[in-house]
Amino acid sequence: MYSRRCFVWLKNSLLWKSNFRKCSLTKILIALFSLSSLSFLAYQCLIDHSHVKRHEIPVSTIECRLNPVSGGMFSPSDHSSSSNHRIDNKVLVIVETQYSYLGQDIIHLLEAIRVKYKVEPNGKTLPYLTHGNKGKYSAIIFENFDAYVNMDAWNRELLDKYCRDFNVGIISFVASRDNIAYSKRMKDFPLTIYQYMAIEDYELNPMSNIWRITRPGEIIRGPLKDDEWVIFQFEHATYKPLSYAKLSRNYGRYIDLSGNTVFPAIQDLGLLDGIQKVIFGNGLRFWLHCLVFLDSLSYLSHGKLSLPLDRYVLIDIDDVFVGAAGKRMKVSDVHALLAAQNRLRSHIKGFYFNLGFSGKYYQKGTPEENLGDRLLVANSDKFWWFGHTWMHTQAHFHENASSLEEDMSLNKEFAQKYNIPVVNNYAVAPHHSGVYPVHEPLYEAWHKVWNITVSSTEEYLHLRPARRRRGFFYRGIKVLPRQTCGLYTHNLLIDKYPGGREKLDASIRGGELFQTFLYNKVNIFMTHMCNYGSDRLALYTFESAVKFLQCWTNLHLQTIPPQDLAQVYFSSYPDELNPIWVNPCRDKRHLAIWSPRKVCNTLPHLIVIGPQKTGTTAIYTFLNMHPSIRSNVKQPVIFEELHFFSSDQYYNKGLDWYMNAFKLDNPNQTDIVFFEKTAAYFDNPMAPMRIASLIPDVKLVLILLDPIKRAYSWYQHARAHQNPASLNYTFYEIITAGEGSHKIQRDLRNRCLNPSLYAQHLERWLDYFHPSQLLILDGQEIKENPPLVMSKIQKFIEVKPYIDFRKLLRYDAKKKFYCQVLSTDNTKCLGPGKGRVYPPMEESAYRFLKMFFRRHNVALSKLLMKLNQATPVPAWLKEDLQETL
Ligand SMILES: Nc1ncnc2c1ncn2[C@@H]1O[C@H](COP(=O)(O)OS(=O)(=O)O)[C@@H](OP(=O)(O)O)[C@H]1O
């Protein structure tokens, strides 16, 4: 019977063509895609669904021991004090090794809560702790308390002084080292540790003053997972227990513990050494320690690293009609959904399920399920709704916006026909296709058909790890990160849940799902219709999760409309507004939802990053003379320089715009080395990060000209462009402009001097690129011997064929520079704007700049020495340093 019904459905689907009259290639593609989706669904129909049976639908049994404070209005202290004005919101983490487990756990947690950190392996000299009169770190974390205790005297004194001066606390961990129970007195502290202990009945000390997110009062009954606990015993009032437990085993005569209540995490009030501490007797794999860790960070940093208590929750039910017959929601499931929505409202203020639909699949289930569909629609005003595409096709298969608009309009007509209120200006794309990597037609069609302003995806920047998912704003649409709750389309029955019910329960009770709520202020969860049929796993999961959260935390849960949610998100994380482009070809999942018409080989292999006035145009011109090297095509207004990575205006034109600037003769061409030159990249703060995100293995060319000559050349450039400051003030007046000078004077001073602070900018590039990716050229050599420079570049990028530029370039006595050889008598030189003729620099300006650049040049020479570049230090720098000596 199933097979016949499915056949009819399949046939109907294929006959659905009234809106597909005009046959274009796109439409054929879409039809093929739909066909494959439908065949998949048909296959699902043909298989035996007898296993999808109702037996015991799981029900949440979580009850708090103590009643949570009602109304979620209780707001515990955020620990803030005046001490936090003097410290940055960054954490210093001293790890055992780069790869140690606990060190990784600490870093992952900090990443998840978006706290900046600096990691240093134990044993290295401490980094600078202050800048000016400010402290660089608002908390210090030691993966191993022993590392702190046994630090060499000099570093220990330095660190302790920092902690006392800036009132900064230390979080540390003590781990069991050997598989044997023994006790040890800590050096310098009236503290004894007992290691390799088994404990049970863990509870928190309700009297501690560090609790903020954590709500003490519950007990984890029974033995804890491993035997590797460290417990503390102390003989001074500076120590207070943060938690209690009982020993699970009698350790007899080996360990003398009075009574059997032990302390697995303690707080040091700093009464002895003036430094507050929190010390854990186990790592962060124990879920409750993650919670205690958050409050410890908040407390020890005087609220600088405090997380808010509000948590915003949106539960999307994607594809509410898309699903194989036999796995869909029936009438009883819809009733259960409505009832659960009401119950959830007592835990999540203003809660609504948010239903996503593709109208094409309405009424395509079993007769019972079709009744379920109808009941959903009859109750449409009780839910929030958002549209997918009509046929649930993926946006990247649509070549242009109009075919997507056509498809979306059908879905809109469906919503109108059935009075489905779609009012939130929110949409989610099937399979995330088109949202990221961006498919421009999706954004266009969303605007046009639905006036979409908010979306969400799990693909930005990458699917994994989930803790790094972020939001971005593009073409007027705010895209928020999306989380999963551990349920996917195939999770229908609790007994078939991968890893068993225990696995799902562990995620709810302190594991992944609990932590997702904990770390993210905004949580948009993706679920699917089938998680609400069969065993209704989504209802079980969320009802359990919010109850568990309520037992153990003071978090306030609420649901607000997507537009407000986006507002909350980006006002909390304004830095995320600007998107970051990554190469879709480097991520399998991205590639799968990227248009098959797009090609991967139109990104540059080489970027000439500047700075300005160092000879970048000459290099650009000469590179283009090579038969296998090709630059981007020139653009209106900006000509050869794309400014993509340095200007928000161009970066926000999107990846397609950038990649389209590099033209192959045919898509299969492989013998072209693309390059780009934008001289403003070098001193731009965003450019290194953006370039490294998109083209991490790119090669970079940096040109260093004597900074004095570069500064003067820029001044002359400004004069040639009628810059008023340059016309009204001498070079000396510009470079010596102070805070009292006119803004135009200071602006020009900055453009003359700042890009010449070579070491400072170069350090930033080296944060993102390996030195082997960088070729440093001498700007003077470009003027005097460009064929030699071209040979260095060719070697650097290993391009074939090797071209001898001595045959292509010739010194032109009239231009006084090397020019392109056209014939024995003719050359083609760069335009009049390059190699200008201007008077020599005033002596006073020269002397001023000599002094000004001295320390920067010293810093540069040290940096270059460290890089150990094959390229020798530029001649001008050597001379300058010799003069200095
Ligand atoms: N072959 C050749 N022809 C002309 N000019 C040459 C050449 N090689 C190097 N130079 C030097 O390049 C300086 C201009 O640098 P840029 O091209 O980087 O300037 S810009 O930032 O793109 O405006 C330019 O600066 P000015 O001399 O101040 O005009 C030149 O000194």
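Contact between two residues is taken here to mean heavy atoms within 4.5 Å. The structure is a predicted model, in which local features need pLDDT of at least 70 and side-chain atom pairs count only at pLDDT 80 or more, whereas totals for chains, interfaces and linings use all residues. Residues are numbered from 1 along each chain as its sequence is written, and side-chain values use heavy atoms, with hydrogens and water left out.

The protein chain contains 28 helices and 33 strands, where helices (H or I, at least four residues) and strands (E, at least two) are DSSP runs numbered from the N terminus. Taken along the principal axes, the C-alpha atoms of the protein chain fill a box of roughly 95 × 85 × 50 Å. Of its 885 residues, 58% count as buried, a class that requires under 20% relative accessible area, with exposed meaning over 50% and partly exposed lying in between (1.4 Å probe, protein chains only). The protein chain exposes about 38800 Å², of which carbon and sulfur atoms supply 53%; accessible areas come from the Shrake-Rupley method with a 1.4 Å probe, and for residues only the protein chains shown count as cover. Among contacts between residues at least 6 apart in sequence, 78% join residues at least 24 apart.

The feature "domain: Heparan sulphate-N-deacetylase deacetylase" is placed by UniProt (unreviewed entry) at residues 310–514, a span that is 32% helix and 18% strand and whose end C-alpha atoms are 15 Å apart. Thr484 has its place in strand 23 (residues 483–484) and counts as buried because its relative accessibility is 16%. The side chain of Thr484 makes a polar contact with the side chain of Tyr488 at 3.4 Å, a polar contact being a pair of N or O atoms within 3.5 Å; within protein, one must be able to donate a hydrogen and the other to accept it, and residues adjacent in sequence count only if both atoms are side-chain atoms. When residues up to four places away in sequence are not counted, Thr484 touches Glu458, Arg469, Phe525 and Met526.

Val546 is placed in helix 13 (residues 537–552), where its relative accessibility of 1% is why it counts as buried. Not counting residues up to four places away in sequence, Val546 touches Leu344, His347, Ile348 and Leu557. Val546 and Asp381, which are 165 residues apart in sequence, are 25 Å apart in space, C-alpha to C-alpha.

Leu774 lies in strand 30 (residues 774–778) and, with a relative accessibility of 6%, counts as buried. The C-alpha atoms of Leu774 and Lys699 are separated by 6.0 Å, although these residues are 75 apart along the chain.

The ligand is surrounded by 19 residues, the closest being Thr616, Thr617, Ser713, Gly835 and Tyr838, where a residue is near a molecule or strand if one of its heavy atoms lies within 4 Å of it. This shell divides into six nonpolar, eight polar and five charged residues, with Ala, Val, Leu, Ile, Met, Phe, Trp, Tyr, Cys and Pro counted as nonpolar, Asp, Glu, Lys and Arg as charged, and the others, Gly among them, as polar. An oxygen atom of the ligand is 2.9 Å from a polar backbone atom of Lys613, another such pairing places a ligand oxygen atom 2.7 Å from an N or O atom in the side chain of Ser713, and a backbone N or O atom of Gly835 lies 2.8 Å from an oxygen atom of the ligand. Taken alone the ligand exposes 640 Å², and the protein buries 96% of that. Helix 16 (616–624), helix 20 (707–720) and strand 32 (817–821) are the elements that give two or more residues to the shell, and helix 16 gives the most, with four residues.Ser713, Gly835 and Tyr838 are among the residues that UniProt lists for "binding site" (unreviewed entry). Gly835 is found in the loop between strand 33 (827–828) and helix 27 (843–867), and its relative accessibility of 30% makes it partly exposed. Tyr838 lies in the loop between strand 33 and helix 27 and, leaving aside its neighbours within four places in sequence, is in contact with Tyr712, Ser713 and Gln716.

Methods: UniProt positions are given in the numbering used here, feature names are shortened, and annotations may be inferred rather than shown by experiment.
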